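Thanks for making time. I will walk through one structure, starting with helix packing and then going to the cores and a few single residues.

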Amino acid sequence: MKHRIAIVDDHLLIAKAIGSIIDTFRQFQVMFEAENGKVLQDRLKQPDAVPDIVLLDVSMPVMDGFATASWLKTNFPSVLILALSVQDDDETLIRMIKCGARGYLHKNVHPAELERALLTLVKSGIYYPEWASN
């Protein structure tokens, strides 16, 4: 059985590109994309729409990654959150962890690292890049 993923990113082209990459990973499938946390909330009202993992952009209009992660942590605590961002600063990373993210990944990584991050996340429940542990 494949792990189900939702991608939440306000840049449609980025979300679709990430989805296309993930669709090449044997153990994962993309369920849907949402352009912000509010749209994700609406999608999750359908009982069969709850993913195993949410790839969550940090900076979005309407409902950003921080608010979305906090909401997911409260309402869907079993959903694993992997934050995706162009930001690689400690403050953003720590804030996302406090909001419920179980992993953090910079958007400029190689697809192999994305797959490794997803596999590590489902296996151990957490994934943080090397720069975050220094």
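This is a predicted model, so please read everything that follows with that in mind. I begin with helix α1, residues 12–22, and helix α5, residues 111–124, whose axes come within 10 Å and cross at roughly 70°. At that angle α1 is roughly perpendicular to α5. The residues that meet are Ile18, Ile21 and Ile22 from α1, and Pro111, Leu114 and Leu118 from α5. Sorted by class, this contact has six nonpolar residues, no polar ones and no charged ones.

Staying with α1, which of its residues are buried? They are Ala15, Ile18, Gly19 and Ile22. Their arc around the axis is only 100°, so they sit on the same side of α1. As a reminder, an α-helix has 3.6 residues a turn, so residues three or four places apart point the same way.

Next, α3 and α4. In general, two packed helices are described by the angle between their axes and the distance between the axes. For α3 and α4 the angle is about 25° and the axes are 8 Å apart. That makes α3 roughly parallel to α4, since angles under 35 degrees count as such. On the α3 side the contact uses Gly65, Phe66, Ala69, Ser70 and Lys73; on the α4 side it uses Thr92, Arg95, Met96, Lys98 and Cys99. By class, the contact of α3 with α4 has four nonpolar, three polar and three charged residues.

The buried residues of α3 are Gly65, Phe66, Thr68, Ala69 and Leu72. They span an arc of only 165° around the axis, so they too lie on the same side of their helix, α3. Their packing partners are α2, residues 37–43, together with β3, β4 and α4.

Now the cores. The largest nonpolar core has 23 residues, and those with the most contacts inside it are Val8, Phe32, Leu40, Val54, Leu56, Leu72 and Met96. At least two residues of this core come from each of β1 (3–8), β2 (28–34), β3 (53–57), α3 (65–75), β4 (80–85) and α4 (90–99). Apart from this core lies another, of 19 residues, including Ile53, Leu105, Leu114 and Leu121.

What does Met96 touch, leaving out residues up to four places away in sequence? The list is Leu56, Val58, Gly65, Phe66, Ala69, Ala83, Ala101 and Tyr104.

The other is Leu40, which lies in helix α2. Leu40 is buried, with a relative accessible area of 0%. With residues up to four places away in sequence again left out, Leu40 touches Ala6, Val8, Phe32, Ala34, Val54, Thr68 and Leu72. Between Leu40 and Ala67 there are 12 Å in space, C-alpha to C-alpha, and the two are 27 residues apart in sequence.

Last, a backbone detail. Where is Val62? Val62 is in the loop between β3 and α3. Its phi is near 70°, a positive value in a residue other than glycine. Is Val62 buried or exposed? With a relative accessibility of 70%, Val62 counts as exposed, because the cut-off for that is over 50%.

That is the end of the walk-through.

Conventions:
Residues numbered from 1 in each chain as written. Predicted model: local features only at pLDDT ≥ 70, side-chain atom pairs only at ≥ 80, totals over all residues. Heavy atoms only, no water. Axes fitted to C-alpha atoms, helices over the stretch in contact; angles between N-to-C directions. Helix = DSSP H or I, 4+ residues; strand = E, 2+ residues; numbered from the N terminus. Parallel < 35°, antiparallel > 145°, perpendicular 65-115°, else oblique. Contact = heavy atoms within 4.5 Å. Nonpolar A, V, L, I, M, F, W, Y, C, P; charged D, E, K, R; others polar. Core = buried A, V, L, I, M, F, W, Y, C linked by side-chain atoms within 4.5 Å. Buried < 20%, exposed > 50% of the residue type's maximum accessible area, 1.4 Å probe, protein only. Arc of directions from axis to C-beta.
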